[in-house]
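Here is a short report on a two-chain model. Keep the sequence and the 3D view open while reading.

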Number of protein chains: 2
Amino acid sequence: MAGRVYIVGAGATKVGEHWDRSLRELAVEALLSAVKDAGIDKRDVEALYVGNMMSGMLQGQEHLGALVATWAGIPGAAACKIEAACGSGGVAVHQAYLAVASGLYDCVAVVGVEKMTDALPSDASAALATAEDQEYVVFTGATFVSLNALLYRLYLDRYGVKQEKVAAFPVHCHKMAVNNPYAQFRRAVTLEEVMASPLVADPLRLLECAPIGDGAAALILCSERYLKRNPRDELVEVAGTAVATDVLSAHERRDPLAVAALRRAVEAATRRAGVEVADIDVLEVHDAFSILGVLSLEARGEGWRLVEEGQLEPGGKIPTNTMGGLKARGHPVGATGVYQVFDLVVQLRGEAGANQVEGAELGMAQNFGGVASTVAVNVLRRAR
Amino acid sequence: MAGRVYIVGAGATKVGEHWDRSLRELAVEALLSAVKDAGIDKRDVEALYVGNMMSGMLQGQEHLGALVATWAGIPGAAACKIEAACGSGGVAVHQAYLAVASGLYDCVAVVGVEKMTDALPSDASAALATAEDQEYVVFTGATFVSLNALLYRLYLDRYGVKQEKVAAFPVHCHKMAVNNPYAQFRRAVTLEEVMASPLVADPLRLLECAPIGDGAAALILCSERYLKRNPRDELVEVAGTAVATDVLSAHERRDPLAVAALRRAVEAATRRAGVEVADIDVLEVHDAFSILGVLSLEARGEGWRLVEEGQLEPGGKIPTNTMGGLKARGHPVGATGVYQVFDLVVQLRGEAGANQVEGAELGMAQNFGGVASTVAVNVLRRAR
């Protein structure tokens, strides 16, 4: 089997509306910040994976691998862009892991980046819709908001749950984000505010939807061999990683609420890590919409109870989205999966401040592309 | 070091203007053809890499990993899209290699696909231009034709070579493609025809430019472990593989004619394969434009001599683009790097018919993204 793979550096920009900064500037800032955090010479970076979904459509810019390598001052690195819709970042982490585990590379960088605010809002929605089937679904006018609204309605009807139970998820996320300097929304919201916010696609309310934003997050992964030459104290291991897909369109699945790709990816990642789901100390779920957050916690209509009981907070049964999640930290699409891992690294290093999960040893990040059509799961272990 | 990685299946569609078939149909046809060629159960495919550049811009369709997995009947596979401009296909092969070499996957598929004719011609040119720097180069009106014309002019001036010497490259490619059933242009052209064809960007003539086209090519890669359970006679090994980048824009390089990323990638791939460049029996170069074909052969102004002497033909010193290359087999951008490997597999298996390079043991494919800003080099060895 493959050698161990470690994360030795992590960096990010604040998520927000960066009208004054371009996609490349965000990516380079995050990458150099991760390099600095790792304390390495950036010329050690042999390969670069850029997680991004929409740069072609929103910036008229593809070829982000060579672009970011050039502007970060590491031209020469083996570089490419990884695209798996909103799961691009998590899948990029998976590819970076494979690059190191293969033995061909000893030091690899991952950058997740998306720049969504410098396009017209209608452009961003249209670009996001390309994650679904253009010929059979999108042409009907479907958007991701409307598709998730269908899941939400099905969930409420099937399990007889009141919407307020699900809508409590974003309340939790906003509460967590108050203490996260990288978060897009550092303010709390009440359940009443969520329920009173505008209806976007019945039953989804505005404050149940992750925002549009810009941002970049980056990681430095390395091999044991590299680590021997460049020892460091703070260490996080990528203990297990998996990617799984499902039938692209949720309406063609036997049970649209089953999130089968999530189950498969979690099973594979925990098996590879040699751990049980119950061992996870801190969890990042893909709450692009409140319903996805709740479904990720548990797919039998009971996930909302964990929210209600406060079990997602530090100190709870399963601390989740402790830095604000997609809803409040923000969801710059192709960057999100890398932000999730960044947030876990912060927790596993004990640097989460007021939101610290005491003694956190194991973390899991779940990143979705489409309506859980692609799922990347990365399991991290504190290894110092 | 990593275990050995083999190519056990290869498939492709004819390159051409497939007005009657969509991107997904082309991808699925090539993938299932490779599965059939490998003689495996498609459900064995654990991961899928889709090399593609422009589907977001030209088809309004991203998330090709899950899309192709779904339509090929292998939902569940770990799937994503790899983008590195025109080098997407070659880089996808590299990623598939890493996936197997890592030990996490035993059977992996690569599909390169591009659908260029179902968009307005102006759209395809604009989409292709996103491989260059949008903010500093493309906004001036630069296209890949004009950028390569600048290189061409520099080459002719610096080395005092007559254009006819370089323009002989496409003549060779068209001659080879006559015997390739997958080629877009199965007809010979004369040097006089090339030189009399319309001027596209001085000095580049139309018949010196690879065409726009649609197509898909696919490969099945597997581990030694998988091979033990599923033995087969015809075997090709991925002996060495490398990706390198250069400063994105050629005009910012110390020497725009140096193709430094090609040199780096060739050096790394041959080192990993344990072979010398002189050992290569059959070569695929990235002749998107005649000048790139000649530069790839040798960067000191002498590459054209090999063309003139007929050394690129089967039986010559270095048989090159023996199935027609980008110019005549065709250049469906994100698929090209996979077509190159497909063509090498045909040669190494001894199935190239009238174009067979006798006793071919070692092949090399060179795939460029942008003006050699990203270069993927894959070295294949006959292993039966």
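Ala85(A) sits in the loop that links β3 (78–83) to α4 (88–101) in chain A. The model is predicted. Phi of Ala85(A) is near 55 degrees, which is positive in a residue other than glycine. Is Ala85(A) buried or exposed? Ala85(A) is buried, because 30 other C-beta atoms lie within 10 Å and 20 or more are enough to count.

Asn321(B) is not a glycine, yet its phi is positive, at about 50 degrees. This residue belongs to the loop between α12 (303–308) and α13 (325–328) of chain B. Asn321(B) also counts as buried, with 28 C-beta neighbours inside 10 Å.

## The helix after the loop

Next comes α4(A). How many of the 14 residues of α4(A) are buried? The count is 14 of the 14, so the helix is largely enclosed by the rest of the structure.

At 1.5 Å a residue, its 14 residues should span 20 Å. The end C-alpha atoms are 20 Å apart, which agrees. Just after α4(A), Gly103(A) adopts a positive phi of about 90 degrees.

## How the chains meet

The contact draws 51 residues from chain A and 51 residues from chain B. On the side of chain A that touches chain B, α2 (55–59), α3 (64–71), β3, α4 and β8 each supply at least two residues. Which element gives the most to that side? It is β3(A), with 6 residues. By type, the residues on this side of chain A divide into 25 nonpolar, 19 polar and 7 charged.

Strand pairing crosses between the chains. β3(A) pairs with strand β3 (residues 78–83) of chain B in the antiparallel sense, over 3 bridges. Within this pairing, Ile82(A) stands opposite Ile82(B) in β3(B).

The same surface serves both copies: 100% of the contact residues of chain A recur in chain B.

## An enclosed strand

Turn now to β11 (residues 374–382) of chain A. Here 9 of the 9 residues are buried, so the strand is largely enclosed by the rest of the structure. Both of its faces are covered. On one side, Thr374(A), Ala376(A), Asn378(A), Leu380(A) and Arg382(A) are all buried. On the other, so are Val375(A), Val377(A), Val379(A) and Arg381(A).

Which strands pair with β11(A)? One is β8 (residues 236–245) of chain A, joined to β11(A) by 9 bridges in an antiparallel arrangement. Glu237(A) has Arg381(A) as its bridge partner in β11(A). Another is β10 (residues 362–369) of chain A, which pairs with β11(A) over 8 bridges, also antiparallel. Gly369(A) stands opposite Thr374(A) in β11(A). β10(A) and β11(A) form a hairpin, with 4 residues between them. In the turn, Gly370(A) has a positive phi of about 65 degrees.

## Cis peptide bonds

In chain A, the peptide bond from Asp202(A) to Pro203(A) is cis, with omega near 10 degrees. Pro203(A) falls in the loop between β5 (199–201) and β6 (204–205) of chain A.

In chain B, the bond from Asp202(B) to Pro203(B) is cis, again with omega near 10 degrees. Pro203(B) lies in the loop between β5 (199–201) and β6 (204–205) of chain B.

## The nonpolar core

In soluble globular proteins, nonpolar side chains tend to be buried together. The largest nonpolar core in this model has 302 residues. Which residues have the most contacts inside it? They are Leu221(A) and Leu221(B).

Note on methods: Residues numbered from 1 in each chain as written. Chains lettered and ligands numbered in written order. Predicted model: local features only at pLDDT ≥ 70, side-chain atom pairs only at ≥ 80, totals over all residues. Core = buried A, V, L, I, M, F, W, Y, C linked by C-beta atoms within 7 Å. Buried ≥ 20, exposed ≤ 12 C-beta atoms within 10 Å, placed from the backbone. Contact = placed C-beta atoms within 7 Å. Pairing = 2+ DSSP bridges. Nonpolar A, V, L, I, M, F, W, Y, C, P; charged D, E, K, R; others polar. Expected span 1.5 Å × (residues − 1).
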